[in-house]
Amino acid sequence: MNKLEIYVDSNVEVCDEKLVILALRLGYRALVCKQVVDLDTSNTPELYRKVVLVSESVQDLKRQISSINSSSCFVTLIPRSVEVARWASHDTRIDTIMLTSNNIGVFDKKQFDTMSYYGKPLEISLKDISDTSLEVREKVFRRLNLLLRSKVGLIVGSGASSWNELYHPYTMVKILTSAFDIPPRVALLAITDCPRQIIAKKTPVRPSKQPLSRT
Amino acid sequence: MIQLVNIVLTVVSLALLLAALYLFRKAYFSYKAIREKISAEKRVKKLRKRYVVFAAVCEEKVGHNDVASALRDTFVKLYGELTTQKGSPRVLIFDEEKQRGIARISHLHVDLLVASLGFIKRVGSTKCILIPLKVTGTIKKARKYLDTLKL
């Protein structure tokens, strides 16, 4: 299968049975979930565990990250200060740095340059961004344009906590292109190859019948 | 002698005038050609229609009017009244048995319609998502896909 057809939703709050079945119908091959509920069905996408760290100081982040097995979890950081964001950019245990409506100020040109230098992707959640005010969305739009110029990898997740908050991959690409002026190819990479490269190194909580290619 | 100089100067000035007129005419026509070329590129000859076949996955079965109003409300909220007026999105057909439908929009606004389908989380008071299946150029083909496409 072409690597641009392996759709991954990298940010799901709770993976319950209904959500997982619908995700499979929508064409997702892997889901990264914060919480996995016991599933009866055997035909599911590959499920990976996600750990979200929120930190305001480097000391606190070091303490939090020491207790996590980063080889089995998809580790995402929400930095609350510039120094945490800078430090996290070069730490290999952290997979992505997340932009939310509360920490937009952390992401400036230097931060994106650092992330570009160390190859650290930026993650956004569509639910978090679409639920905020217009003012915040304007700021996100400008940050994403800056990100594209800095050539930082982008990962987009739905942030779904129930089945009706999932997006069809095609719809997700169209939302990113129409709302944030992201080129279609970058938008497609944000839900396919960029997250796949990260989860390829991780151990799934629940492997699927058709495993992802590890190359 | 003075008369000869006068005649020569008159001839030279006439020649310069003719050359200037010729150059002006040439420049004017090339400017006009370029302007027409640019405006022709910008101008869309005819607004063509596109038909989006979509499926509704809902808790309970939903009706045509609910889906149409949900789609229209979302489109207006996201892209404003002006774009809605230009694109004129409509739900033409909604099969309540199969929970599938066909929406129509102008070819310039197809991407916006598909994006706004993604933002619909509820139809009426029912939890629901609308999934785009296929974009076609004729309603005949859209009807064909309405029955045959699998989700």
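The model is predicted, so local features are kept only at pLDDT of at least 70 and side-chain atom pairs only at pLDDT 80 or more, while totals for chains, interfaces and linings use all residues. Residues are numbered from 1 along each chain as its sequence is written, chains are lettered from A and ligands numbered from 1 in the order in which they are written, and side-chain values use heavy atoms, with hydrogens and water left out.

**View 1. The largest nonpolar core.**
This core holds 85 residues, and those with the most contacts inside it are A:Leu31, A:Leu122, A:Leu144, A:Leu154 and A:Val156. A nonpolar core here is a set of buried Ala, Val, Leu, Ile, Met, Phe, Trp, Tyr and Cys residues joined through side-chain atoms within 4.5 Å. Buried means under 20% relative accessible area, exposed over 50%, and partly exposed in between, with a 1.4 Å probe and protein chains only. The element that gives the most to this core is helix H3 (residues 110-118) of chain B, with 6 residues. Helices (H or I, at least four residues) and strands (E, at least two) are DSSP runs, numbered from the N terminus. Take a look at A:Leu144: leaving aside residues up to four places away in sequence, A:Leu144 touches A:Leu122, A:Ile124, A:Leu154, A:Phe180 and A:Ile182. Touching, or contact, means heavy atoms within 4.5 Å. A second, separate core has 9 residues, including A:Val8 and A:Phe74.

**View 2. The two sides of helix H2 in chain A.**
Helix H2 (residues 58-66) of chain A has the buried residues A:Val58, A:Leu61, A:Gln64 and A:Ile65. Seen down the axis of H2(A), these fall within an arc of 125°, so they line one face of the helix; the arc is taken over the directions from the helix axis to the C-beta atoms. They pack against strand E3 (46-55), strand E4 (73-79) and helix H3 (82-89) of chain A. On the face turned away from the buried side of H2(A) sit the exposed residues A:Gln59, A:Arg63 and A:Ser66.

**View 3. Where chain A meets chain B.**
A:Arg25, A:Trp163 and A:Asn164 supply 34% of the area that chain A buries against chain B, more than any other three residues. The count of salt bridges between the chains is 1. A:Lys174 forms a salt bridge with B:Asp111, their closest N and O atoms being 3.2 Å apart; the criterion is a side-chain nitrogen of Lys or Arg within 4 Å of a carboxyl oxygen of Asp or Glu.

**View 4. The surroundings of A:Glu123.**
A:Glu123 lies in strand E6 (residues 122-125) of chain A and is buried, with a relative accessible area of 0%. The side chain of A:Glu123 makes a polar contact of 2.8 Å with the side chain of A:Lys50, and a polar contact of 2.8 Å also joins the side chains of A:Glu123 and A:Thr96. A polar contact is a pair of N or O atoms within 3.5 Å; within protein, one must be able to donate a hydrogen and the other to accept it, and residues adjacent in sequence count only if both atoms are side-chain atoms.

Conventions: Buried area = accessible area lost by both parts, 1.4 Å probe.
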